[in-house]
Amino acid sequence: MTDVGNILYPVEDIEQAVRFYRDGLGLTVKFQDGGRFAALDGGGVTFALAGPEEDVTGGAPAASFRVEDVAAAAARLTGAGATLVRGPEEGPHEVRAVLRDPAGNPFVLYARRK
């Protein structure tokens, strides 16, 4: 099963971004890993903030899709016209890969580490 796991926004300063989205929009912080990453409740989808250390998309916002097997999904999608940008690789919280769709838009595939 695949679903949109989060919408990822790269930011320079996690604390500043958390304050902005929490205090300005009222989003609830679900998880924060210091200055690396924060997950906020976006009402049905997680709004994720990636600090410089976790910016895997080169500064571009991207949808992140949770899949069962990152390598298999990446192979299937590159066969369908996607371009593999990075990975699959083990991140601090998951296995992930970054791809670009045929139109050039970045997206992330991720799965729990086994």
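**Group meeting: aromatic pairs, a pocket and some buried residues**

Hi everyone, let's start with the rings: the count comes to five aromatic pairs, where rings of Phe, Tyr and Trp (its six-membered ring) pair if their centres lie within 6.5 Å, and planes under 30 degrees apart are called stacked, over 60 edge-to-face and the rest tilted.

Before I go on, this is a predicted model, where local features need pLDDT of at least 70 and side-chain atom pairs count only at pLDDT 80 or more, while totals for chains, interfaces and linings use all residues. Residues are numbered from 1 along each chain as its sequence is written, and side-chain values use heavy atoms, with hydrogens and water left out.

Back to the rings. Phe-31 and Phe-37 make a tilted pair, with 6.4 Å from centre to centre and 50° between the planes. How exposed are these two? Phe-31 is partly exposed, at a relative accessible area of 37%, and Phe-37 is buried, at 19%. On the cut-offs, buried means under 20% relative accessible area, exposed means over 50%, and partly exposed is in between, using a 1.4 Å probe and protein chains only.

The next pair is Phe-65 with Phe-107, which is edge-to-face: 6.1 Å centre to centre and 80° between the planes. This pair links distant parts of the chain, since Phe-65 sits in strand β5 and Phe-107 in strand β8, 42 residues apart. For anyone wondering about labels, helices (H or I, at least four residues) and strands (E, at least two) are DSSP runs, numbered from the N terminus. Phe-65 counts as partly exposed at 26% relative accessibility, whereas Phe-107 is buried at 10%. There is also one aromatic cluster, formed by Tyr-9, Phe-20, Tyr-21 and Phe-47.

How much space lies in the largest pocket? About 680 Å³. Of the 27 residues lining the largest pocket, Asn-6, Arg-66, His-93, Glu-94 and Tyr-110 are the closest to its centre. The elements giving two or more residues to that lining are β1 (3–10), β2 (28–33), β3 (37–41), β4 (46–50), β5 (62–66) and β8 (106–111). Which one gives the most? That is β1, with four residues. By residue class, the lining divides into 12 nonpolar, six polar and nine charged. Here Ala, Val, Leu, Ile, Met, Phe, Trp, Tyr, Cys and Pro count as nonpolar, Asp, Glu, Lys and Arg as charged, and the others, Gly among them, as polar.

You will want the method, so here it is: on a 1 Å grid over the protein atoms alone, a pocket is an open set of points where a 1.4 Å probe fits, with protein on both sides within 12 Å along at least five of seven lines, and lining residues have an atom within 4 Å of a point. Grid points are joined across faces, edges and corners, and the volume is the space filled by probe spheres set on the points.

Let's stay with Glu-94, which is found in the loop between β6 (83–90) and β7 (95–100). Is Glu-94 buried or exposed? At 17% relative accessibility, Glu-94 counts as buried. A 3.2 Å polar contact joins its side chain to that of Arg-96; a polar contact is a pair of N or O atoms within 3.5 Å where, within protein, one must be able to donate a hydrogen and the other to accept it, and residues adjacent in sequence count only if both atoms are side-chain atoms. Leaving out residues up to four places away in sequence, Glu-94 touches Glu-89, Tyr-110, Ala-111 and Arg-113, with contact meaning heavy atoms within 4.5 Å.

Another glutamate, Glu-54, is in the loop between β4 and β5, and is buried at 7% relative accessibility. Its side chain has a polar contact of 2.4 Å with that of Arg-36. Not counting residues up to four places away in sequence, Glu-54 touches Arg-36, Pro-92 and Arg-96.

Val-56 is also in the loop between β4 and β5, buried at 8%. Beyond four places in sequence, the contacts of Val-56 are Leu-8, Arg-86, Arg-96, Val-98 and Val-108.

Last stop, Ala-97 in strand β7, buried at 1% relative accessibility. Beyond four places in sequence, its contacts include Gly-87 and Pro-88. The peptide bond from Gly-87 to Pro-88 is cis, with omega near 0°, and Pro-88 is found in strand β6. Thanks, everyone!
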